[in-house]
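Please look over the sequence and the structure shown below, and then work through the briefing that follows, which is arranged by topic.

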Amino acid sequence: MADYPTFEHDVLVIGAGGAGLRAAIEASTNGVSVGLVCKSLLGKAHTVMAEGGMAAALGNVDDRDNWKVHFSDTMRGGQYINNWRMAELHAKEAPDRVRELEAWGAVFDRTTDGKILQRNFGGHRYPRLAHVGDRTGLELIRTLQDHGVHQGIEVYMEVTVVSLLKDGDRVVGCVAYEREHGRFRIFKCKALILATGGVGRAFKITSNSWEGTGDGHALAYDAGAELIDMEFVQFHPTGMVWPPSVRGILVTEGVRGEGGVLKNSEGERFMFNDIPANYKDQTASDAEEGWRYTQGDKSANRPPELLTRDHVARCINREVKAGRGSPHGGVYLDIAWIKERLPNSVEHIKKKLPSMYHQFIQLANLDITTTPMEVGPTTHYIMGGIRVDAVTQASTVPGLFAAGECAAGINGANRLGGNSLSDLIVFGKRAGEYAAQFAKENGAGTIDDDQVKDHVLAALEPFEREGGENPYTIQHDLQEMMQKNVGIVRHHDEMIEALNGLDILRNRAARAFSPGNVDFNPGWHTALDLHNLLIVSEAITRAALERKESRGGQFRDDFPEKDPEFAKFNFSLKKGDSGAMEISRTPIAEMPAELRQVIEEMG
Amino acid sequence: MLFVQFVAKEFMKATFSIRRGGREGGEMVDYSTEIGEGMVVLDAVHQIQAESAPDLACRWNCKAGKCGSCSAEINGKPQLMCMTRLDTIDTTEAVTIEPMRAFPAVKDLIADVSWNFEVKKKIKKFNPRPPDAEDGTWRMQQSDIDRVQEFRKCIECFLCQDVCHVLRDHNKHAEFIGPRFLVYAAALEMHPLDIENRTEQLKDLHGIGYCNITKCCSKVCPEHITITDNAIIPLKERVVDEHYDPIAKLVKLIRRK
């Protein structure tokens, strides 16, 4: 072990997005030493991409809002297979977490009476998203980062974790390499929190950055933890589709929240054609009512563009397949039309959606204040992830905690927009608190030199496969294959093809060759990431295959209806003794009477 | 003739001259790759990585101008690679791509920006006045936070630091925090809730006097923050008011007694 420098902390957090930073701050506040490891520079995590806002029932804009409404909206959006306890804690605690950000320097947009302003978003009954224009994620991460650097947290930037280390059943640290020189490091800790975000890079069209390679999912899985709900991938309805190089980049739901409408090539507002039964009484009956809703009329219902993301994405997909798409295979998202209603619409749009204006002018040569955008679904978020305890965020492996996108439960089959940022701070805090407690109650474990050696040797293999394949090509083919076979519309035969495809890709990945040396070598990094992408791709495919119904993020062509039988459990995936992935059904605990009553009351 | 035009459009190649090498030094290496409609410089770099230089190092994350990771000097101009479209630059000649020069090069296109993270820690943190309402919340008017929100748009790409001659040409990293952190300090100083005073720090420790308002920083800011006019000049005025105004000094002296 003398070969590798060892860094020791009570709590080690992997990932420095919203959840990781919030967890690190909380653990440190609880008086333990904290290390924070991140693949990129501090403040660059994918959280900066979040645009619309964070959902919290502050009731600043509509005083009818409260935790009960938020809770029932979240459960309805998740099609009732959410971890109801997480949904409850989230709805109750989000307001305090948002107010806390203000105390740490966040500057949210304001109401006329000087409070935090809240905006409408899909699936939320009342205006609920605290926001800063369309750059809320940046505000969140910067606030946590600037607060965190004064907390005595040790930050290890541009360090990638290759494997967790165990002492018996318990996680006691990890092996990592620093990107600049490829030198290996050992991190020893009493409790470890995974906050590594999502898996978007498993698909071709995605809003995710290079970092979304499912690292936390795979690290936990390899350490013996359970993953749940992996079949539920959220395809955000509105990603850019043109030009090709920006395909997949997110167009915030905030555009629709501000009155933007979706139209097909015939100019028809097609979202009015298909409104799910359980949202019928919450949806506007005509365009006029929808507009009034976006302008804050409390007596109006939301326009169908603000139905849940899974539904809107499928409707767009259907229009394109029926030949009513835009020239580049999307549909039109029109915010420019509001000039008919607002005399100062150009300034209004620029003020409310500055990043969107900027993004389209610069990348697509298109002025959104005058011209409709072309948009289509893009892989955005995974509801599934590491199975955690609702209160403590502890995984099924002792010493291992998870928070944020890589953890699962709160979102069920579909996440509501805006619930992610609040999830990060609610459960990031909880993970930090309980990991600190675990660290205080448990002594340090022992690092096993042999485990370290094995992981390091395995990580260096890509340099020795002279004549092997280019890892970028393998990654590209994996993304194409997943997009085609396990994308927004799924079918048994295609998913079997995907499983076979994954076998082939796994063999190819075992021969991936990285020329050059360990110094900041993206080819090598890509070769190592393949391991994680393959695990999450297999988990998504196996769970999607087993769920023989359509629900939330999962739509099956061969089983287009919802089946109440499948509402009784979550699919869990675990590494079996043989090393093969095993799937099982974990029953959903019965909801307590008082929460059931809340859902009934809220309709 | 028509066919020739078609070919030219579909299979246009361009040459990119990219800095390769580590901390000790590097050289410019030419790569040729196909370019197409809507491509940005970062796309070309990624294509080159996938085709011919898998170990070519560059930072990037969001690819949408929101994270500020892919800062570089394109044909000598500090820009984000992800927001620089190829049709806005001359691709008939080799396009040069280099790391930011105001910082040490790490490898290829990567600059060592760690100094910036150290600087930030030295600036006194946000310190709010007691809450306005009993529930622990504050009241602020939108008009009172517009300016601070402008500063908080900063994505920390450090292009302003790169272009600032005090850092780039005079290497005053030890004495001057640079435009990024003057904007950061301004966001704190002008935050309606903040009650900390940072003017003495700005004058002595942070070297605000070094800025001679050439406004180069404002010109390269991808977020279009009016760094000099809205952040630095008002901060300079505060420093002058508090530390160089003879009448204020006299008042202070009397008050102290």
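This is a predicted model: local features need pLDDT of at least 70, side-chain atom pairs count only at pLDDT 80 or more; totals for chains, interfaces and linings use all residues.

**Helix α10 of chain B**

- The residues of α10(B) that are buried are B:I227, B:T228, B:A231, B:I232, B:L235 and B:V239.
- An α-helix has 3.6 residues a turn, so residues three or four places apart point the same way.

**Chain B as a whole**

- Chain B contains 11 helices and seven strands, and its C-alpha atoms fill a box of roughly 85 × 45 × 30 Å when this is taken along the principal axes.
- Of the 257 residues in chain B, 44% count as buried.
- When contacts in chain B between residues at least 6 apart in sequence are considered, 62% of them join residues that are at least 24 apart.

**The largest nonpolar core**

- The largest nonpolar core has 255 residues, and those that touch the most other members are A:V11, A:L192, A:I193, A:F401, A:A402 and A:A435.
- Helix α15 of chain A, which covers residues 522–546, gives the most to this core, with 13 residues.
- Leaving aside residues up to four places away in sequence, A:A402 touches a set of residues that includes A:I193, A:L194, A:G216, A:A220, A:I386 and A:A431.
- In soluble globular proteins, nonpolar side chains tend to be buried together.

**The two domains of chain A**

- Chain A is divided into domain 1, covering 236–379, and domain 2, covering 464–568, and the C-alpha centres of these two domains of chain A lie 30 Å apart.
- Where the domains of chain A meet, five residues of domain 1 are in contact with five residues of domain 2.
- On the side of domain 1 of chain A that touches domain 2 of chain A, helix α8 (residues 309–321) of chain A gives the most, with four residues.
- Sorted by class, that side of domain 1 of chain A has two nonpolar, one polar and two charged residues.

Definitions and conventions: Residues are numbered from 1 along each chain as its sequence is written. Chains are lettered from A and ligands numbered from 1 in the order in which they are written. Domain bounds come from an automatic or database domain assignment. Two residues are in contact if their C-beta atoms, placed from the backbone, lie within 7 Å. Helices (H or I, at least four residues) and strands (E, at least two) are DSSP runs, numbered from the N terminus. Ala, Val, Leu, Ile, Met, Phe, Trp, Tyr, Cys and Pro count as nonpolar, Asp, Glu, Lys and Arg as charged, and the others, Gly among them, as polar. A residue is buried if 20 or more other C-beta atoms lie within 10 Å of its own, exposed if 12 or fewer, and partly exposed in between; C-beta atoms are placed from the backbone. A nonpolar core is a set of buried Ala, Val, Leu, Ile, Met, Phe, Trp, Tyr and Cys residues joined through C-beta atoms within 7 Å.
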